[in-house]
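Student: Could you walk me through how to read a ligand site, a pocket, a cavity and a salt bridge in a model?

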Amino acid sequence: MSEVDFQRKPVIAGNWKMFKTAVETRQFFKVFNTLVAQVDHCEIVIAAPFISLEVAVEETAGSPVQIAAQSVHWEAQGAFTGEVSGPMIRAAGCNYAVVGHSERRQYFGETDETVYKRTAAALRHRLTPIVCVGERLEEREDGKTENVLTRQFIEGLGSLTVEQFSRIIVAYEPIWAIGTGRTATPAIAAEAHEVLRTQAAKRFGEDIAAGLRILYGGSVKPDNVSDLMAESGVDGALVGGASLDPRSMALIVNHSGESF
Ligand code: PEP
């Protein structure tokens with residue numbers, strides 16, 4: 001696959017999970033905005049809790065930072081207590097939504113089927129989905145990583161149209177690396193990204209696969225981001241813990257450009 005022929009603008013995305021009030025959100029951006037004001041080498045995305053989305057959008061107006069929701073429901077409205085829909089997220093000013101994060105899969109019953117439905121809904125409402133896949137430690141140790149990623153890819157994304165698929169971002173997040181301080185080596189990340197890109201080529205064609213941005217997530221920090229980004233198949237990072245501090249997130253954003 002001729003990846004070099006395709007320009008894939010890197011994406012550095014932060015996932016705040018269930019952290020930061022609206023006031024803390026404002027405090028974060030007061031510092032962060034000044035540190036990334038000139039950034040052009042990558043897209044910068046911050047996934048804030050639903051209740052802080054509007055504040056985050058307001059604080060980042062005119063900056064290169066884009067705001068994401070951490071999930072999106074598949075219906076536009078209805079009796080779905082606790083859920084938030086694509087039109088609501090769009091109306092808050094967001095352009096992205098994280099879908100299928102492993103914590104959603106583990107604690108809130110997210111399945112490949114609901115990942116598909118949420119991804120399709122995000123696309124319907126002009127949100128770019130950042131769709132997370134990744135294997136558990138025991139699956140890796142049992143040699144099942146490729147099978148798990150392939151299943152998650154086919155069942156979660158395989159039914160999208162080519163046009164829909166061309167608008168998504170995939171995040172490879174090995175569950176054993178999330179919040180553990182145990183980062184995948186660049187070689188492990190590259191191998192998993194290749195599995196995903198190969199699936200993308202099989203189902204959607206070589207050109208679409210070559211344009212697909214695949215982020216790595218799992219204990220990304222300022223001191224390991226450059227090595228990960230040096231892999232040609234790694235197009236960015238999804239950052240949890242280290243995205244909560246504006247200085248550390250800005251270092252990751254800025255270091256992600258070192259290998260270009
Ligand atoms: C995440 O929440 O998606 C994540 C990768 O977390 P961390 O960077 O803390 O491992």
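Predicted model: local features only at pLDDT ≥ 70, side-chain atom pairs only at ≥ 80, totals over all residues.

Student: Let's start with the ligand. Which residues come nearest to the ligand?

Tutor: Begin with the shell of residues around it. Here there are 14 residues around the ligand, and K17, E173, G179, S219 and G240 come nearest. By class, that shell splits into four nonpolar, eight polar and two charged residues.

Student: How much of the ligand does the protein bury?

Tutor: On its own the ligand would expose 290 Å², and the protein buries 97% of that.

Student: Next, empty space. How do you find it?

Tutor: You roll a probe the size of a water molecule over the atoms, and that shows where empty space is left. In this model, the largest pocket has a volume of about 550 Å³.

Student: What lines the largest pocket?

Tutor: There are 17 lining residues, and K17, M18, Q70, R104 and F108 lie nearest the pocket's centre. Helix α4, residues 102-107, gives the largest share of that lining, with three residues. Sorted by class, the pocket lining has eight nonpolar, five polar and four charged residues.

Student: How many cavities of 30 Å³ or more are there?

Tutor: A cavity differs from a pocket in that the probe fits but cannot get out. The structure holds one of 30 Å³ or more, and the largest cavity contains about 50 Å³ of space. Its lining includes H101, R105, C132, Q152 and E173. α4 and β5 (128-133) each supply at least two of the lining residues. The cavity lining comprises three nonpolar, five polar and two charged residues.

Student: Last one: how many salt bridges are there?

Tutor: Check for a side-chain nitrogen of Lys or Arg within 4 Å of a carboxyl oxygen of Asp or Glu. That rule gives 18 salt bridges. One of them joins the side chains of R26 and E58, at 3.2 Å from N to O.

Student: Why does the pair of R26 and E58 tie together parts that are apart in sequence?

Tutor: Place each residue in its helix. R26 sits in helix α1 (residues 22-36) and E58 in helix α2 (residues 53-59), so the pair links parts that are 32 residues apart in sequence.

Key. Residues numbered from 1 in each chain as written. Heavy atoms only, no water. Near = heavy atom within 4 Å. Areas by Shrake-Rupley, 256 points an atom, 1.4 Å probe, with all protein chains shown as cover. Nonpolar A, V, L, I, M, F, W, Y, C, P; charged D, E, K, R; others polar. 1 Å grid on protein atoms, 1.4 Å probe; cavity = no way out; pocket = protein on both sides within 12 Å on 5 of 7 lines; lining within 4 Å. Points joined across faces, edges and corners; volume = space filled by probe spheres on them. Helix = DSSP H or I, 4+ residues; strand = E, 2+ residues; numbered from the N terminus.
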